[in-house]
Amino acid sequence: MEDDERQMDRRLERTILELLERRDPKATICPSDAARAVYEGEGDGWRALMEPTRRAAHRLVEAGEVEISQGGDPVEPSKVRGPIRIRRAR
């Protein structure tokens, strides 16, 4: 992994945690919230950051910082298919 990728990974992780800090403790965010916050360009280029954002969320799950949920229920990152939400670990 190149230095630019590592920096982006860390930035996405920080952004996820910062966005959650600004919300109610039980609130969730969509990965697109973090991707849009990090993206510095115009238009929908943030979409290219969706998969890196999902991977960042998976790392934060492993670190015990967040949970990934679907339909309001926590799910294992390895079993996730489709849209997810991210919330602080309970």
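To begin with, which backbone oxygen does the side chain of Arg 87 reach?

Modeller: The model is a predicted one. In it, the side chain of Arg 87 comes to 3.3 Å from the backbone oxygen of Gly 72. Arg 87 itself lies in strand β4, and because its relative accessibility is 6%, the residue counts as buried, the cut-off being under 20%. Residues up to four places away in sequence aside, Arg 87 touches Leu 20, Ala 27, Thr 28, Val 66, Glu 67, Ser 69, Gly 72, Asp 73 and Pro 74.

Strand β4 belongs to an open sheet of four strands, in the order β1-β4-β2-β3 and with antiparallel pairing. In this sheet β1 and β3 (73-74) are the edge strands, each pairing on one side only. In general, strands of a sheet pair through backbone hydrogen bonds, either parallel or antiparallel.

Strand β2, residues 66-70, runs antiparallel to β4 and is joined to it by four bridges. Across this pairing, Arg 87 of β4 has Glu 67 opposite, while Ile 86 of β4 has Ile 68 opposite. Of the five residues of β2, four are buried, and the strand is thus mostly covered.

Strand β2 also runs antiparallel to β3, with two bridges between them. Here Gln 70 has Asp 73 in β3 as its bridge partner. Two residues lie between the strands of this hairpin, where Gly 71 takes a positive phi near 60°. Gly 72, whose backbone oxygen the side chain of Arg 87 reaches, is also among the residues that Arg 87 touches, as are Asp 73 and Pro 74.

Helix α1 packs on the sheet: it touches β1, β2 and β4, and its direction makes about 70° with that of β4. The 19 residues of α1 should span 27 Å at 1.5 Å a residue, and this agrees with the 27 Å between its end C-alpha atoms. The buried residues of α1 are Asp 9, Leu 12, Glu 13, Thr 15, Ile 16, Leu 19 and Leu 20. Seen down the axis of α1, these buried residues fall within an arc of 160°, so they line one face of the helix. Their packing partners are β1, α2, α3, β2 and β4. The face turned away from the buried side of α1 carries the exposed residues Asp 4 and Glu 21.

Because its relative accessibility is 0%, Ile 16 counts as buried. Apart from neighbours within four places in sequence, Ile 16 is in contact with Ile 29, Ala 34, Thr 53, Ala 56, Ala 57, Leu 60, Val 66 and Ile 86. Val 66 is also one of the residues that Arg 87 touches. Ile 16 and Asp 33 stand 17 residues apart in sequence, with 8.2 Å between their C-alpha atoms.

Definitions and conventions:
Residues numbered from 1 in each chain as written. Predicted model: local features only at pLDDT ≥ 70, side-chain atom pairs only at ≥ 80, totals over all residues. Heavy atoms only, no water. Pairing = 2+ DSSP bridges. Contact = heavy atoms within 4.5 Å. Axes fitted to C-alpha atoms, helices over the stretch in contact; angles between N-to-C directions. Buried < 20%, exposed > 50% of the residue type's maximum accessible area, 1.4 Å probe, protein only. Polar contact = N/O pair within 3.5 Å; in protein donor to acceptor, adjacent residues only side chain to side chain. Expected span 1.5 Å × (residues − 1). Arc of directions from axis to C-beta.
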